Structures are given as C-alpha cells and as structure tokens.
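Here is a short report on selected local features of one protein model. Look at the sequence and the structure first, then read on.

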Amino acid sequence: MSKQKNNFATLILLLPSIAISELNLPVPIQSALTYRHVPNQALSIYIEDLQSGAAVLHWNAEEPRNPASVEKMVTTLVALDSLGPAYRWKTEVSIIGDIADGILDGDLLIKGYGDPYLVIDRFWQLLRRVRQNGIVSIRGNLLIDDSYFDVGDYDPAAFDNEPLRAYNVSPNALLTNFKVIRYSFQPDSSGSRVNIFSEPPLDNVEIVNRLRLTNGACTGYQRGITITPSKNLGRFTFSGRFPRDCENYAMDRTALSHNEFTYGLFKSLWLECGGYFAGNWK
C-alpha cells in the first residue's frame, strides 16, 4: 500500500460511524482519489464498530493488498505479548584491564542487546556512569559487540533507492542514535555562504561544503541541496543552490557503518564529558 493510500485510509477515521454502501465512497475519499489520479479499485478499506461488530465502511475489503506499514501492528503485538509492556533493554559495559589513578590500562567493551532508543543523551548518561567508576583515560580500544542480532545481508537502498534515509537503517544490537546525523543549514551573517552544522559532530565523518546561496523562497526538494556520499559513508559533499530565506532548515541522514558510528559517537561524547581516549575500535 502506498503512502497515498495510507493517507486516504486515515481520512476515513474522521467520518461519522454510519454504514456506507459498497457502491459509494465518502465524498472526501472520492475527492482525494480523484485529485491524486488514483483509481477507486486501487483502494481497500474495512472499518468495524468495536461495540456492535458491524461494518462501518467496506470498500474492496476482500481484495489482497500489500500491508506496508500496517505490518508494524503485528510486530508490536508480538513484542508486547512476548516481552511485556514493562520490558527494558540492557546495554552492558565491561572493563578489560586494570584501573589506576583514573587510567584504564586496557579496553572498554560495550555489548548491545537491541535497545532501540540508545540516543545521544542516553548514551552520554551511560558514559557518565563509566566516568563515575573512576575512569578518565582509556589507553586501549573500544570493543564493540553487536552479535546479539543476526541481521544477515541488508540493502538499505532496496526499498526505495534512498539508502541515507533514517527509515532504511538496518536493525543492529548496538544501534546508537538511530545511526543518524542531523544536518542544519544556515546562511551566515555576511550572506556569502551557507554554514553546515552536524549533531552529533563526529570526527570520523567529513563534511565537504560546496553550497552556494541564491535568492528565492525556502521551498523545493531538500531546498536545492544535493548530497553525494563517499562509498564508505564517511564523507558527504553538499552542493547546489540554497535559498537565502531558509534560516532554520535541517535534514536527518544516516552515516558510516553501525560500528563506526558507535565508535564516533563514543569518542565525541567521551571527550565531551572530560575523558581521554586515543584508541580505535574493534
């Protein structure tokens, strides 16, 4: 089911709860289909009154369709039934080596178990807990264990040829900040260039700014910005003409591999909270 058809189905929820013949679609739905040039037979609808069990609206209800995003309801139900509504994911941190005078003479190991919301502030809190255990400097490496999930081969471009979109990120047992960077674009005060800010700022991601300012309204796809990634998603070139009227435009895009992103975020936040780290990841 396309996004268009999903939107049409959403509009139906605003209708009064009265039975509508299979022969007639509600006027707002019919108008939306006509405006989008979508054939009536491309849409399937079934709405049931939960109290009476009567069909409030049915349209091509027996026609098999691709469930699309509705499939999330099934996985959510299975998760709630299997794990329960109070389930909490865990992320383990282990010290491999000796600690003396605030120096860890060894490695720091982080093992993930599928926390889907290990975003910047929560990852920062995790590292603060490590600092509270008396560690300031890490002489070894960051060891990353994401083996809890066996994802297999995954092509982020297979769905819609948009591999940098956040919704195409593959699952990972140690997913940090959804593997996403938010880029903010602002014309500088001189009006001669566009400044690009990234959150989080990762020193293993390079930004090449080739944007040019142009007169015009803040409209258009990606506001005229073209993103060209390197093969390893470690360098991004921003080019095109950016409208001067865009003062607060931002976009979210993925970067790096899962483990490289976690390493970059770890290093950035570790240094930010007063720690020292000069190692790499394994």
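N168 counts as buried because its relative accessibility is 3%; buried means under 20% relative accessible area, exposed over 50%, and partly exposed in between, with a 1.4 Å probe and protein chains only. N168 sits in the loop between β6 (142–145) and β7 (180–187). Helices (H or I, at least four residues) and strands (E, at least two) are DSSP runs, numbered from the N terminus.

Which residues does N168 touch, leaving aside neighbours within four places in sequence? They are Y154, P156, F159, D160 and E162. Contact here means heavy atoms within 4.5 Å. A polar atom of the N168 side chain also lies 3.4 Å from the backbone oxygen of P156.

## Basis of the model

This is a predicted model, in which local features need pLDDT of at least 70 and side-chain atom pairs count only at pLDDT 80 or more, while totals for chains, interfaces and linings use all residues. Residues are numbered from 1 along each chain as its sequence is written, and side-chain values use heavy atoms, with hydrogens and water left out.

Most residues other than glycine have a negative phi, and most peptide bonds are trans. N177 is not a glycine, yet its phi is positive, about 50 degrees. K179 also has a positive phi, near 60 degrees. N177 belongs to the loop between β6 and β7, and K179 is placed in the loop between β6 and β7 too. N177 counts as buried because its relative accessibility is 11%. K179, at 8%, therefore counts as buried.

The peptide bond from E199 to P200 is cis, with omega near 0 degrees. P200 falls in the loop between β8 (194–199) and β9 (206–214).

N60 is in the loop between β2 (55–59) and α3 (71–83). Its relative accessibility is 15%, so N60 counts as buried. The N60 side chain makes a polar contact of 3.2 Å with the side chain of Q41. A polar contact is a pair of N or O atoms within 3.5 Å; within protein, one must be able to donate a hydrogen and the other to accept it, and residues adjacent in sequence count only if both atoms are side-chain atoms. The side chain of N60 also reaches the backbone oxygen of L43, at 3.0 Å.

Is Y221 buried or exposed? Y221 counts as exposed, because its relative accessibility is 56%. Y221 lies in the loop between β9 and β10 (225–229). Leaving aside neighbours within four places in sequence, Y221 is in contact with E162 and R165. Another polar contact, of 3.3 Å, links the side chains of Y221 and Q222.

## Packing of α4 and α5

Two packed helices are described by the angle between their axes and the distance between the axes. For α4 (residues 120–132) and α5 (residues 258–272), the angle is about 60 degrees and the axes are 10 Å apart. That angle makes α4 oblique to α5. Axes are lines fitted to C-alpha atoms, for helices over the stretch in contact, and angles run from 0 to 180 degrees between N-to-C directions. Angles under 35 degrees count as roughly parallel, over 145 as roughly antiparallel, 65 to 115 as roughly perpendicular, and the rest as oblique.

From α4, the residues that meet α5 include F123, W124 and L127. Their partners in α5 include L265, F266 and W270.
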